[in-house]
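Try each task before you read its solution.

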Amino acid sequence: MAEQTLSPVRKTVVGVQFMFVAFGSTVLVPLLTGLDPAVALLAAGLGTLLFHAVTGGKVPIYLGSSFAFIAPIIKATELYGMPGMFCGLVSVGIVYMLMSLLVKSFGIDLIKRLFPPVVIGPVIILIGLSLAGAGVNMAKTNWILALVSLAVAVIASIWGKGIVKLIPVVFGAIAGYIVSLVFFRSSMDFTVVGDASWFAFPKLAKMSFSWQAILFMAPVAIAPIIEHVGDMYAISSIAGKDFIKDPGLHRTMLGDGLSCCLAAFLGGAPITTYSEVTGAVSLTKVTDPSVLRISAISAVVLSIIGKVGAVIQTIPQAVLGGIMLLLFGTIASVGISNMIQAKLDMSSTRNLVIVSLILTIGIGGAVLDFGSFSLSGIGLASLVGVILNLVLPADKEPKSE
């Protein structure tokens, strides 16, 4: 195996490289949601180390900020304040842990029964489209920067090779930032960089209990959980080992859930298995889990360099907006792809009803109030989809002549 021939220096170099593959996406989520990028890096690093501890250090996985929670974080912060929103994020980790218990008790078939493509597909589409308007509003602050970022990201994703193709969003953001430095420097404020210390421990978040935020956020965990299952199969194939059996899917879900809770207590977004890093592992053929732990330690070290976090905060809104146009559309497309790959029959009345109601309830902003609790957005739409899938009868097969 490749990992057996790597020297300590080579392991370190590859580990740092893997961290930078995930760097752009990890800090992009907090930038779009008003969280601290330095805390996100700290949470990704410590969360990855916690995941490896729970799974016995057997799985070559790196965890980072999940795109699935961008829209819910923004809306939950608006509704319940940031301290309440973090309470909602803890519930995401708890959902992971409950799923871990169900998988251990009943096997993976239960997950497939509760969350088939007819539910997961439209939920992922909803996650992608729910912030399309926000992306446009950010992009229109400077369409030149937005279009440069978007164009470079598209070019990198289509014609890029190797690592470039894995992180097109990062290259788009870098290109937009460079253009901004050259042509729009007067509109950029670097005061925060000058004021920042070279070394500073990230400021951790304050949390307050909120049932409403818990009910709002918990159902959103459904889509990342399904993504987690797919990533475990993918990394098993790449490494030539069956991680579904050893250490077991229940252990990997538990590790992810505990890491999500840790991230929320620190003040970061929920973290999940990173497909970009899995792709980099496949590209380099380095499947030694210790290399991913080096990536995690690198993220922790980078999080305490105050100047890095300050520079990240100077990225113009328009650059992020251009990236969002591609990013959220890509997420929605993954949902469509999920339905196509599953050969979902949309001529089926049952499937049509489930998909339609998930999309209209989620995009329409429906809110369900009961007492002091309320459920809305992606969480409500996901719950409706799960319930409909369980109670609606299958279409009757036409009788053959």
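**Exercise 1.** Find how many salt bridges this predicted structure holds.

*Solution.* The structure holds three salt bridges. Take them in turn.

- Step 1. Lys11 pairs with Asp288, with the closest N and O atoms 3.0 Å apart. Lys11 lies in helix H1 and Asp288 in the loop between H14 and helix H15, so the bridge ties together parts 277 residues apart in sequence.
- Step 2. Asp246 pairs with Lys58, with 2.7 Å between the closest N and O atoms. Asp246 sits in helix H13 and Lys58 in the loop between helix H2 and strand E1, 188 residues apart.
- Step 3. Lys75 meets Glu78 at 3.4 Å, N to O. Both lie in helix H3, three residues apart, about one turn of the helix.

**Exercise 2.** Decide whether Asp288, Asp246 and Glu78 are buried, partly exposed or exposed.

*Solution.* Buried means under 20% relative accessible area, and exposed means over 50%.

- Step 1. Asp288 has 11%, so Asp288 is buried.
- Step 2. Asp246 has 42%, so Asp246 is partly exposed.
- Step 3. Glu78 has 57%, so Glu78 is exposed.

**Exercise 3.** Describe the largest pocket: its space, its lining and the classes of its residues.

*Solution.* 

- Step 1. The largest pocket holds about 1,300 Å³ of space.
- Step 2. Its lining has 43 residues. Ile124, Glu227, Ser275, Ile331 and Val334 lie nearest the centre.
- Step 3. Sort the lining by class: 26 nonpolar, twelve polar and five charged residues.
- Step 4. Elements that each supply at least two lining residues include helix H12, strand E2 and helix H17.

Note on methods:
Residues are numbered from 1 along each chain as its sequence is written. This is a predicted model: local features need pLDDT of at least 70, side-chain atom pairs count only at pLDDT 80 or more; totals for chains, interfaces and linings use all residues. Side-chain values use heavy atoms; hydrogens and water are left out. On a 1 Å grid over the protein atoms alone, a cavity is a set of points where a 1.4 Å probe fits but cannot get out, and a pocket is an open set with protein on both sides within 12 Å along at least five of seven lines; lining residues have an atom within 4 Å of a point. Grid points are joined across faces, edges and corners, and a volume is the space filled by probe spheres set on the points. Helices (H or I, at least four residues) and strands (E, at least two) are DSSP runs, numbered from the N terminus. Ala, Val, Leu, Ile, Met, Phe, Trp, Tyr, Cys and Pro count as nonpolar, Asp, Glu, Lys and Arg as charged, and the others, Gly among them, as polar. A salt bridge is a side-chain nitrogen of Lys or Arg within 4 Å of a carboxyl oxygen of Asp or Glu. Buried means under 20% relative accessible area, exposed over 50%, partly exposed in between (1.4 Å probe, protein chains only).
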